[in-house]
Amino acid sequence: MTELCAIALGSNLGSEIGDSEKIVRSAIVQLSSFSEIEIISVSRWYRTKAITLPNSAPQPDYINGCAILKTSFQPLQLLQALFYTEQMFGRERRERWGARTLDLDLLLYGDRQIDTPELVIPHPRMCDRAFVLLPLAEIASDWIHPIAGVPISKLAKNPLDLDLSHPIAISNLATFNQLPLRGA
């Protein structure tokens with residue numbers, strides 16, 4: 001059995017792999033290497049101002065986007081695959097809302113609602129984040145949020161943090177749906 005899932009990708013630290021945009025692009029290719037994951041669609045990438053905790057040092061802007069996956073992984077297995085991919089790209093979990101080489105969030109898993117200590121789906125803060133809703137609406141506008149009961153396109157009309165994060169599309173949508181995947 002397979003399920004459609006939505007994930008968010010973000011990076012605001014470069015690494016030996018390259019800059020943040022190269023990292024998120026490479027993460028999509030890496031995720032496609034799992035036999036249990038098929039990349040269905042990828043949004044444009046957005047440059048987003050980092051939102052930090054009060055009295056925190058400023059951070060570089062993020063590159064954010066979303067992807068729709070078809071997977072045979074169960075939710076916790078998919079979450080572990082996302083964590084594994086983050087680690088491959090040098091992710092270190094040091095502080096909440098800290099700068100990172102790669103952040104992968106599981107937003108939606110079909111229409112399931114899950115609330116366990118390990119995983120909450122839908123992602124509990126996705127409806128507050130312009131840097132998630134704007135790219136997600138590009139590729140999943142009709143997907144009904146399982147708790148809000150409305151399409152993602154409606155949630156993306158006026159996200160709460162729009163004036164804080166100020167996402168700006170930096171790429172063309174068509175180029176990302178032509179990524180070389182699976183052994184290319």
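View 1. In general, a disulfide is a covalent bond between the sulfur atoms of two cysteines. The structure is a predicted model, in which local features need pLDDT of at least 70 and side-chain atom pairs count only at pLDDT 80 or more, whereas totals for chains, interfaces and linings use all residues. Residues are numbered from 1 along each chain as its sequence is written, and side-chain values use heavy atoms, with hydrogens and water left out. Relative accessible area, found with a 1.4 Å probe and protein chains only, sorts residues into buried (under 20%), exposed (over 50%) and partly exposed (in between). Cys66 has a relative accessibility of 0% and is therefore buried, while Cys127, at 27%, is partly exposed. Ser43, in the loop between β2 (37–42) and β3 (46–48), is buried with a relative accessible area of 0%. A polar atom of the Ser43 side chain lies 2.9 Å from the backbone nitrogen of Cys66.

**View 2. The salt bridge between Arg25 and Glu21.** A salt bridge places a side-chain nitrogen of Lys or Arg within 4 Å of a carboxyl oxygen of Asp or Glu, and a search of the whole structure finds three of them. In one of these, the side chains of Arg25 and Glu21 meet with an N to O distance of 2.9 Å. Both residues belong to helix α1 (residues 20–32), and because they are four residues apart there, about one helical turn separates them. Arg25 is partly exposed, with a relative accessible area of 31%.

**View 3. The salt bridge between Arg44 and Glu138.** Here the side chains of Arg44 and Glu138 meet at 2.8 Å, N to O. Arg44 lies in the loop between β2 and β3, whereas Glu138 lies in helix α3 (residues 130–140), so the pair ties together parts that are 94 residues apart in sequence. Arg44 is partly exposed at 28% relative accessible area, and Glu138 is partly exposed at 22%.

**View 4. The salt bridge between Asp103 and Arg100.** The side chains of Asp103 and Arg100 form a salt bridge with an N to O distance of 3.1 Å. Asp103 is buried, with a relative accessible area of 15%, and Arg100 is buried as well, at 11%.

View 5. Rings of Phe, Tyr and Trp (its six-membered ring) pair if their centres lie within 6.5 Å, and planes under 30 degrees apart count as stacked, over 60 as edge-to-face and the rest as tilted. Two aromatic pairs are found in the whole structure. Phe34 and Phe73 form an edge-to-face pair, with 6.0 Å from centre to centre and 70° between the planes. This pair links parts of the chain 39 residues apart, with Phe34 in the loop between α1 and β2 and Phe73 in the loop between β4 (62–71) and α2 (75–88). Phe34 is buried at 17% relative accessible area, and Phe73 is buried at 11%. The rings of Phe34 and Tyr84 are edge-to-face because their planes stand at 80°, with centres 6.4 Å apart. Tyr84 lies in helix α2, 50 residues from Phe34, and is partly exposed at 45% relative accessibility.

Note on methods
Helix = DSSP H or I, 4+ residues; strand = E, 2+ residues; numbered from the N terminus. Polar contact = N/O pair within 3.5 Å; in protein donor to acceptor, adjacent residues only side chain to side chain.
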